[in-house]
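Please open the model in your viewer and keep the sequence panel beside it. The tour below goes from one selection to the next.

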Amino acid sequence: MSLTVLAACTAPAVPSGLAPRFGEVKARFVTGRDVDVIEVRALESSAIRTATLVMPDGTRVEAEQIDGTPSPSLPTAPTAGIGLGAESTTLVGQVASAALIRLPDPPAYRQAWKAAVIDVTIGDGAGRRAERLAAPPPP
């Protein structure tokens, strides 16, 4: 059974190719946005707590911003003939989070990105876990 609410209660829109599935963490440059910022997204039972770009020379760049939305709403297809406009499904017990990492030296990143990684920590306490992602290709 899915819960539906009006679109005014939805989390920030995420293009479908960038929206992670539950339990998945993704890192990408988002087309049409700041080309010097890596966006790390997760849909988990806990939010992203840290996200750090680690360059091959050991340089570490912490996320400049991390946001989380508990029980996010995702748009669903409109129901034919009802006329309520856009509807959404609320993902109760899940957290949609995003971290933004600004590149301090974009030319250096373009040369070394294949050997760079992003370390992500999700959650706190006993449920805390770490993930290591490959750095995304530059735009």
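In what order do the 4 strands of the open sheet that contains β2 and β9 lie? Before selecting them, note that this is a predicted model, in which local features need pLDDT of at least 70 and side-chain atom pairs count only at pLDDT 80 or more, whereas totals for chains, interfaces and linings use all residues. Residues are numbered from 1 along each chain as its sequence is written, and side-chain values use heavy atoms, with hydrogens and water left out.

**First sheet.** The order is β2-β3-β9-β6, with antiparallel pairing; strands here are DSSP runs of E of at least two residues, helices are runs of H or I of at least four, and both are numbered from the N terminus, while two strands pair if DSSP finds at least two bridges between them. Colour β2 and β6 (65-70) as the edge strands, since each pairs on one side only. Neighbouring strands of this sheet are turned against each other by 15 degrees on average, direction ignored, where axes are lines fitted to C-alpha atoms and angles run from 0 to 180 degrees between N-to-C directions. Next select β9 (residues 95-102), which is joined to β6 by 6 bridges and runs antiparallel to β6; T69 stands opposite A96 in β9.

Zoom in on β4 (residues 48-54), which pairs with β5 in the antiparallel sense over 3 bridges, and pick out L53, whose bridge partner in β5 is V61.

**Aromatic pair.** Now show the side chains of F29 and Y109, whose ring centres are 5.7 Å apart and whose planes meet at 65 degrees, so the pair is edge-to-face. (Rings of Phe, Tyr and Trp, the last by its six-membered ring, pair if their centres lie within 6.5 Å; planes under 30 degrees apart count as stacked, over 60 as edge-to-face and the rest as tilted.) Because F29 lies in the loop between β2 (24-28) and β3 (37-44) and Y109 in helix α1 (residues 106-112), the pair ties together parts that are 80 residues apart in sequence. F29 counts as buried at 12% relative accessibility, and Y109 is buried with a relative accessible area of 1%; buried means under 20%, exposed over 50% and partly exposed in between, with a 1.4 Å probe and protein chains only.

**Whole chain.** Finally, zoom out to the chain, which comes to 1 helix and 11 strands.
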